[in-house]
Amino acid sequence: MNITLYIMLFVMVFVIIYDQRRRNELAAKQLKKFRNKKERAVMTELAKRFIDKECIIYTFNCQVTGIIREVTDTAILVESSGAPEIVNTDYIVRIREYPKNKKGRKKAIVTDLSFET
């Protein structure tokens, strides 16, 4: 009985992980399909406002925190903890300046509460 329970749990976890990965891939394909050249130009122009500021860049799968150093037509160069990273603008969902408290220091905990219907 214990073995069947473990097998059922393993299968359920595997199905959940597979479904989440499939949804992320579909969302990425749809966004890339619907973004045209005008929308890409708008994203790069908006991203240029955050040059030399510490930001949080949200993509489909992860978030990147660091200072935006350079913005090109297709990518953003982010420096996080001394190491440069490149983020493709096609997969960016949101860019946000790192929040600060009343004293001007970085907040220890960043929460993003979104209630979508």
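Student: Is C62 buried or exposed, or something in between?

Tutor: Let's read its accessible area. Residues under 20% count as buried and those over 50% as exposed, with partly exposed in between. C62 has a relative accessible area of 43%, so C62 is partly exposed. Keep in mind that this is a predicted model.

Student: What about C55, buried or exposed?

Tutor: C55 is buried, because its relative accessible area is 0%.

Student: How many disulfides does the structure have?

Tutor: Start with the general idea: a disulfide is a covalent bond between the sulfur atoms of two cysteines. Searching the whole structure turns up zero disulfides.

Student: Let me step back. Which elements make up the chain?

Tutor: The chain has two helices and five strands. Reading from the N terminus, their order is α-α-β-β-β-β-β.

Student: And how much of the chain is buried?

Tutor: Of the 117 residues in the chain, 23% are buried. The accessible surface comes to about 9,500 Å², and 58% of that belongs to carbon and sulfur atoms.

Student: Now for charges. How many salt bridges are there?

Tutor: The general idea is that side chains of opposite charge can pair when their charged atoms come close. In this model the count is five salt bridges. One of them links D19 with R23, whose closest N and O atoms are 3.2 Å apart.

Student: Why are D19 and R23 separated by about one helical turn?

Tutor: Because they are four residues apart in helix α1. As for the surface, D19 is partly exposed at 23% relative accessibility, while R23 is exposed at 52%.

Student: Which residue forms a salt bridge with D52?

Tutor: R69 does, and the closest N and O atoms of the pair are 3.3 Å apart. D52 is exposed, with a relative accessible area of 53%, and R69 is partly exposed at 36%.

Student: Which salt bridge does E79 form?

Tutor: E79 pairs with R69, and their closest N and O atoms are 3.4 Å apart. Since E79 lies in strand β3 and R69 in strand β2, the pair ties together parts that are ten residues apart in sequence. E79 counts as partly exposed, because its relative accessibility is 33%. Elsewhere, salt bridges that share partners join D19, R22 and R23 into one network.

Student: How many residues lie between β3 and β4 in their hairpin?

Tutor: There are two residues between them, and S81 in the turn has a positive phi of about 50 degrees.

Student: Where is T74 found?

Tutor: T74 is in the loop between β2 and β3. With 53% relative accessibility, T74 counts as exposed.

Student: Which residues does T74 touch, leaving out those up to four places away in sequence?

Tutor: With those left out, T74 touches V87, N88 and T89. Along the chain T74 and T89 are 15 residues apart, and their C-alpha atoms are separated by 5.5 Å.

Student: What share of the chain's contacts, among those with a separation of 6 or more, joins residues 24 or more positions apart?

Tutor: That share is 42%.

Note on methods: Residues are numbered from 1 along each chain as its sequence is written. This is a predicted model: local features need pLDDT of at least 70, side-chain atom pairs count only at pLDDT 80 or more; totals for chains, interfaces and linings use all residues. Side-chain values use heavy atoms; hydrogens and water are left out. A disulfide is a pair of cysteine sulfur atoms within 2.5 Å. Buried means under 20% relative accessible area, exposed over 50%, partly exposed in between (1.4 Å probe, protein chains only). Two strands pair if DSSP finds at least two bridges between them. Contact means heavy atoms within 4.5 Å. A salt bridge is a side-chain nitrogen of Lys or Arg within 4 Å of a carboxyl oxygen of Asp or Glu. Accessible areas come from the Shrake-Rupley method with a 1.4 Å probe; for residues, only the protein chains shown count as cover.
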